[in-house]
Amino acid sequence: MAAARRISSLLSRFLASSSSSSSSALLFKGRISGVGRVVSSYSTAAAVENPSTPSVKVNNTQLLINGNFVDSASGKTFPTYDPRTGDVIAHVAEGDGEDVDRAVSAARKAFDEGPWPKMTAYERSMVLFRFADLLDKHTEELATLETWDNGKTYEQAAKVELPMISRIIRYYAGWADKIHGLTVPADGPHHVQTIHEPIGVAGQIIPWNFPLLMFAWKVGPALACGNTVVLKTAEQTPLSALYASKLLHEAGLPPGVLNVVSGFGPIAGAALASHMKVDKLAFTGSTQTGKIVLELAAKSNLKPVTLELGGKSPFIVCKDADVDKAVELAHFALFFNQGQCCCAGSRTYVHESVYDEFLEKAKARALKRSVGDPFKTGIEQGPQIDSKQFQKILKYIRSGVESGATLETGGERIGSKGYYIQPTVFSNVKDDMLIAKDEIFGPVQSILKFNDIAEVVRRANSTNYGLAAGVFTQDLDIANTLTRALKAGTVWINCYDVFDAAIPFGGYKMSGQGREKGIHCLSNYLQVKAVVTPLKNPAWI
């Protein structure tokens, strides 16, 4: 319990320390409506132009198949880039359909003939516990690779995410020997029992925004249930999962149980989603790609699919809110991880009675945000993941200006190297604007005004998404009303981004299907079998 409490408080402590570390003076304040240039400046680090050199050497760049690191069948590689500069970090093996076949064959053999599903559940749990210990031991290397390949701050990777990752592995290690069926009473002389069996070979496709965290969310429960896995990493961030997979084998995982294929979605990802010998598929990514994955799974062997997709989550600030606290939490809800978070609070609804005060303080907080080399202490925001995402965010900012929203601050790139964007705040945002409808996945806060609870419920729910929502109020009745009225898989009350291992996570509507984490996730990787046996002259039924 103490460990769980420590993990659940990590994000809130990180939020508090990030706020206090951003103390640089503001140079200008201004706003524009329509097309024009913003005149604001930020707390930026000179290290944007002169980034530090990471201390970790990249050793694992091949595919992991049947317990060995191997080249791709084609011999092709692709570059993975440092988002701080756009420079190449390493060249990684480029998997294709043939490599997916090799990986699935290894996973299939490991499940059908290998020791993993035949081990006792306790033995499997001990492998996962040893893996969690190795994750803790190698936090520095893993966090460095995550920051280098992704651009998230090292403090976030090392102090927040790595403890969460080892915690979730231990959580599912604990579940391994507690999965069991039931004895079911029948209407006649029969003994009926249910058995929970591993589903088989699980194909898993993870995103680039939280590579290691998504690795743990998917691999942990799949292995605890006795399955084997073929994992496809995001082409933008292949490095940390390869390193973690090496550690998992050092912990005693048998060959073929976990196979990792790096490569591109339309090739390696499509091959995995449509593979006839994959029994189950799990995908985290955009809603658009999720539709494709679901279609490929249906057209092949109708494998079950869990999807954790996009969001456009409302963050509702009620009239009784402590404005200073609400500003800080709303800032965190949107700007965390450079805004590259599926559940980011990207529609900030503020009651009209506190709107003006909130807006000015939200603008000032954005101006204080420290942007720079994510390896530097005190930096709150690193670069966006790559050029494509960088340009997409800037396009949405231009759209906001052109559609009539007021650009309070931000809106431009920082420096001449890498993919840094100024923390951006829009006011006078309307629900029909693209910046209020589409998932931007960047540091762009849209602040909207509302009048009453019924109105904000209607507007908050008027979206194709339903991943998460935040509510900031001191009124328990309002909190309860909104909790039940909002169509979202998670509703955070006076907090945000609390991701304990036991808390289920997933969306309504086009934000996905199924749940990650918690006890609910286990059902994704299990089949339920009913076994019925006649009873002859039973003493009781």
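The expected span of a helix is 1.5 Å times one less than its number of residues. The views below show a predicted model.

**View 1. The length and ends of helix α12.** Helix α12 comprises the 16 residues 387–402, which should therefore span 22 Å at 1.5 Å a residue. The end C-alpha atoms of α12 are 22 Å apart, in agreement with this expectation. At the start of α12, a side-chain oxygen of Asp 386 comes within 3.3 Å of the backbone nitrogen of Lys 388. Gly 404, which follows α12, has a positive phi, near 105°.

**View 2. The buried residues of helix α12.** Among the buried residues of α12 are Phe 390, Ile 393, Leu 394, Ile 397 and Val 401. An α-helix has 3.6 residues a turn, so residues three or four places apart point the same way. The buried residues of α12 pack against the strands β17 (406–409), β18 (424–427) and β19 (444–450), and against helix α13 (434–437).

**View 3. Lys 218 in helix α6.** Lys 218 lies in α6, which covers residues 211–224. Because its relative accessibility is 0%, Lys 218 counts as buried, the cut-off being under 20%. Beyond its neighbours within four places in sequence, Lys 218 is in contact with residues including Ile 206, Phe 283, Glu 516 and Tyr 525.

**View 4. The packing of helix α3 with helix α6.** Helix α3 (residues 121–137) packs with α6 at an angle of about 155°, and the two axes are 10 Å apart. The two helices are therefore roughly antiparallel, a term that applies to angles over 145 degrees. Arg 124, Leu 128 and Phe 131 of α3 meet Phe 215, Gly 220, Leu 223 and Ala 224 of α6. Of these contact residues, five are nonpolar, one is polar and one is charged.

Methods:
Residues numbered from 1 in each chain as written. Predicted model: local features only at pLDDT ≥ 70, side-chain atom pairs only at ≥ 80, totals over all residues. Heavy atoms only, no water. Helix = DSSP H or I, 4+ residues; strand = E, 2+ residues; numbered from the N terminus. Buried < 20%, exposed > 50% of the residue type's maximum accessible area, 1.4 Å probe, protein only. Contact = heavy atoms within 4.5 Å. Polar contact = N/O pair within 3.5 Å; in protein donor to acceptor, adjacent residues only side chain to side chain. Axes fitted to C-alpha atoms, helices over the stretch in contact; angles between N-to-C directions. Parallel < 35°, antiparallel > 145°, perpendicular 65-115°, else oblique. Nonpolar A, V, L, I, M, F, W, Y, C, P; charged D, E, K, R; others polar.
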